Every structure is written in C-alpha cells, then in structure tokens.
Amino acid sequence: MTMAKRIPWTLIVFVAALTIPYLGSRFYTFLATDIIILALFAVSLNLLLGYTGLVSFGHAAYFAIGAYTCGILMKTYGIPFGIGFVAAGILSGLFAALFGFFCVRLTKIYFAMLTLAFAQIVWAICLKWNSVTGGEQGLLNVPSPDLGWMASLPLIGDMRSADHFYLVALVLVALCFAVLRRIVDSPFGRILNTIRENPERAQFIGIDVRRYELAAFSLAGTFAGLSGALFGLFNRGVFPDFGYWSKSAEVLIMAILGGMGHFWGPAVGAAALILLNQQITAYTQYWPFILGTILIILLFVFPGGIVGALHAGYVRLRARRDA
Amino acid sequence: MLEVRDIRKSFNGFTAVGGVSLDVPAESITAVIGPNGAGKSTFFNLLTGHLRADAGRVAFAGRDITGVAPHAICRMGIGRSFQHTNIFRNLTVFQNVQAALIAHAGQARNFWSRADDLYREETLKILESLGLADKADAVSSALSHGNQKQLELGIALASDPKLLLLDEPTAGMSATETRESIRLLARIVAERKLTLLFTEHDMEVVFSIAQKIAVLHQGKLIAEGTPEQVRADREVRRVYLGERH
C-alpha cells in the first residue's frame, strides 16, 4: 500500500509522454496526440458515469460544441488559440448547463435518452447551419495555433510543428486532469459519490440531488468541450460527426473498457481503444467485430475494465506476498 | 415539536392515509403502530417530503413544512431512516457518515480541498457511539444487517437532527440484535435530547421504550395515548393486538 502510494505514477507517465517527440516518429506523435485528447474526453465523461452514476448517451454534443466554438473563432474571426480554447470550455459548459437542466429532471434510461436527444439536435444544427458551421463539408482548414514562439525554446526549438502542438496539448490536458482530480477528491466529489450510491439517501443528508447532478453535468460538458477544441485543431478541421451518437458511444466504450471505477480508467481505455484500432485495422477490415468480441469478454470476465482488473490482480499479489 | 393536522394521501382512489392528526411533543418518544398496510410508511413519507400530501398540514418547530423538499426538511433538523436499509453501499463505513457531516456543514459545494481527512474526529465519534468504530474502513455493504441499520442511524445523526423519524428500526433483526439496537437507541436519544418518532411491528420494542403510542388502522388513527391506555383500548385489541395474541 505505502509502496504503491510513494511511486509517483502520474508524474512518471507525464514525463514519459513528454519524451515522445524525441522518438522522432511523426506517427508516434500523431498517435500520442490522438490518445491524450480523447483520454481527456473519456475522463470528463467519467465524472458523470463513474462518479455521479449518470449514464450520458450524448456526451459528444459538448465535444462538438467545443470543437466548433474554437474552430469558428479561429478561422472566421481570426481570434488566437488561447482565447478560442477558453471560450470553447465556457460555451460547452453553458450548453451542458442548459441541456442538463432538463436532463437531471429525469432518471435512468429516460435521462440517457434525453442526453441523446439533445446531442442529436446539436448534430443536426452542425450539419445544416451552413453559413456558420460549414454544414456537411465541415469546417475545413482551421488555422494552426501560432506556436512560433516555441521555436526559440531550448531542447524543443527545432522540433516539427506537430510535435509543438502535441506538447502544448499535453500540458493543457495535464492541467485539466489535475483540476478534475482535485474535483473528484474534494468534498463535492464525495457528495457526487453518495448520489451515485443512493440518490434517495443523499437527499436525506440534506443534498439537493438535481442541483449537484447539474453541476457535475456542466463540469463534464466543459472538459469535453476543451478536449473537442484540441481535437478540432489536431484534426485540422471540425465535422458534424464530432457530435454524432456514434462518437458518444465511442467515448462510453473507452470509459467502460478502461474501467469507470478508477480516475485513470477511461484514459487507459482511450489509449487501448486507439492502439487496438490501429493495430487491428492493419490486419483486417473486421475491426468492429473484434471490438465487439473484446467488449463481451471484458464485460463478463473483467467488469471493472482494464484498470479494475489490474488493480484486483495487484491486490491479490500483495495479499499472497504478505501471507 | 411536530404537529400533523388532518393529513391525507390516496393512490389511484385507494386511501392510504385518510386524515391523520398527531402531536409529537419535544423530547418525547412516540411510536406509530398498526398492521401491515395500515399506512405507516406512507405517513412517514408525507412527513419528510418524499410524498406530497393531498390535504392537511405538517408543522415542525412552529414552521409549516408541508410540501417542502426532502433535502430542505433534512436541513431543518429532521433525520430519518428508511424501512429498507438505505446506506451508501460501496462507500466505507467512515465515508458514509463523513458524507453526511460534509453535507450538514455546508461543505458539499467545496470542490477544491481534499475530502479524505475532513471531519475525521467527528465521524469517528459518531461511529464510536454506535459501536462501529472498529469497522470504519470496511465497505458498508459488507456489514451485517444489524450493523447496516446502525450505520443508517449514524448517517441520520450526522445531520445533528432534533427530531428523528425511524421507519421500522429493527426490521429484519434477530432477537438479540433487536434488544441491543433498542438499548443503543434509547441511550442516544437520551444523550442527545432527541425527539423520536418511530414505526415498529415488534410490540415488545414498542412497549419497552415508547412514552406515547398512536395506532393506525386502514389509514386512520384509531387510538392514541400512553402504552397502558393503548393496551387497554378495546378497538385496538380487536383490530390489532387481538390478531397477534
């Protein structure tokens, strides 16, 4: 227990992630950028799923709102990345608060269906509002953030611009993770756990359950929006399918695959899903078939996801060593 | 402390509670008894805002609380337990009580400090008074049924209530567990100078600690008084006690 606590895993992973551009491979940097951005998306969903016990089928809506906000501000209005990024978080948080206001009035499957309904509305608007979103064609040629200042920095100055973008994204994602971690470990986070465990009882320790669910929903939307903003830039374009229901399903799968009972579970799930997708599509076109099989095995054999299984294995190993 | 006036509730034409009035004086122990289906749980849910009354009025410490939401009623100083044990099953025993303390102290909005060691002393003090201190780090769903009921009492006490409403506090307990629980309950009520209103099916429990008994039958109050008066009441003997003895 104490040994595990003393190893600063988070720091080790962060430093390892910082060194990826030194591997010198465009492809590794590309994969790593994809992973860290979607890891943030998945962890933001877990604030609802794992911590508050709310199943959202429409989390992609806020990812898309963030991506379009940042993309439109930068492309159409020439606003710098920093402001676009913050605005993406704020606007997606506001929309999450607006939609969430209605969603938290329902429970269980009705809650899930309403989140899906709002997400479909967002998707339809992105698809049809040609003059602003670019419609079906999407928002193409979103300008890259101006990272010229990084060229004058020591150690990283002579890297490719994709590597520079990766490092910026990594730092921003790490900051978001730090904030999210603080939130889930706070008294507020503990109250969210009581709602997950038993909303009726939570009411009768004096908690206005709906209000706290709404707060969690808005926060989750905010961080989904921030990840969406980064993804739009990484992707060099924003498209309506960012908000499509299959994107919402994908992020749910990431969270469940990695394990929603642990803070890092969904991030591990995001990495696993992206890497598996890369590897398997190289050999076969039946990726969805393989993914389905993996999910079925996981749900029956390791209901706690990858991180849940690893943790259980670690606990068993330690028990044997102590015995 | 608690005044109930002519409260009514029906479900699809079935009258569950049909005009009940009851006074619960401060620092008293009152039991509501009645056969299954008499409307005891419905009556409780009307008091705590879980159900909305069709008519009637509930006042607590002089304030009208009819139609007030459960979380607000809890904040006014009413604690309750539920007939089916209602705890936070995947949290530890410690976290169960601590969460209630966090909510009571108005710290629930605090999203920036660490929760782990918050109110450690206060939490342990409550667990000690319930005899659960040695199980503080156990996951609460692993506790025995009797201990879970005690934990639920602990969650209610963490809100520092003036009035405690317990719905069948000894339901599903063995005879030994029941005796221990009642002794514990009597001690805590005396120590904290609480007003206690509870429903119960176990007559031994009722007559051992209640100062006042109200008898519900088919949604109506058919008798009210001291244990001796209720025991002697002919109507009560006929509809209720008679059925059992």
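Student: In which hand, left or right, does α5(B) pass α6(B)?

Tutor: This is a predicted model, so keep that in mind throughout. For handedness, look at how the near helix is turned from the far one: clockwise by less than a right angle is right-handed. Here α5(B) passes α6(B) in a right-handed crossing.

Student: At what angle do these two helices of chain B pack?

Tutor: Helix α5 (residues 145-158) of chain B and helix α6 (residues 175-191) of chain B meet at about 15°. Their axes are 10 Å apart. Angles under 35 degrees count as roughly parallel. α5(B) and α6(B) are therefore roughly parallel to each other.

Student: Which residues make the contact?

Tutor: α5(B) brings Gly146(B), Lys149(B) and Gln150(B). α6(B) brings Glu177(B), Ser181(B) and Leu184(B). By class, this contact of α5(B) with α6(B) has one nonpolar, three polar and two charged residues.

Student: Now chain A. How do α4(A) and α6(A) pack?

Tutor: Read the angle and the axis distance again. Helix α4 (residues 60-76) of chain A packs on helix α6 (residues 108-128) of chain A at about 30°, with axes 8 Å apart. α4(A) and α6(A) are therefore roughly parallel to each other. Their crossing is left-handed.

Student: What residues form that contact?

Tutor: From α4(A) come Ala60(A), Ala61(A), Ala64(A), Ile65(A) and Tyr68(A). From α6(A) come Phe118(A), Ala119(A), Val122(A) and Cys126(A). The contact of α4(A) with α6(A) counts nine nonpolar residues, no polar and no charged.

Student: What is the strand order of the sheet in chain B?

Tutor: Read a sheet by its pairings. This open sheet of four strands runs β2-β1-β4-β5 (chain B), with antiparallel pairing.

Student: How many bridges join β1(B) to β2(B)?

Tutor: Eight bridges link strand β1 (residues 2-11) of chain B to β2(B), and the two run antiparallel. Leu2(B) stands opposite Val24(B) in β2(B).

Student: Which strands does helix α1 of chain B touch?

Tutor: Helix α1 (residues 40-47) of chain B packs on the sheet and touches β1, β2 and β4 (55-60) of chain B. The direction of α1 makes about 65° with that of β2(B).

Student: Last, the interface. How many residues of each chain are in contact?

Tutor: On chain B, 29 residues are in contact with 21 residues of chain A. α2 (70-76) and α3 (93-104) of chain B each supply at least two residues of the chain B side. α3(B) gives the most, with six residues. By class, that side of chain B has 15 nonpolar, nine polar and five charged residues.

Notes:
Residues are numbered from 1 along each chain as its sequence is written. Chains are lettered from A and ligands numbered from 1 in the order in which they are written. This is a predicted model: local features need pLDDT of at least 70, side-chain atom pairs count only at pLDDT 80 or more; totals for chains, interfaces and linings use all residues. Two strands pair if DSSP finds at least two bridges between them. Two residues are in contact if their C-beta atoms, placed from the backbone, lie within 7 Å. Axes are lines fitted to C-alpha atoms, for helices over the stretch in contact, and angles run from 0 to 180 degrees between N-to-C directions. Angles under 35 degrees count as roughly parallel, over 145 as roughly antiparallel, 65 to 115 as roughly perpendicular and the rest as oblique. Ala, Val, Leu, Ile, Met, Phe, Trp, Tyr, Cys and Pro count as nonpolar, Asp, Glu, Lys and Arg as charged, and the others, Gly among them, as polar.
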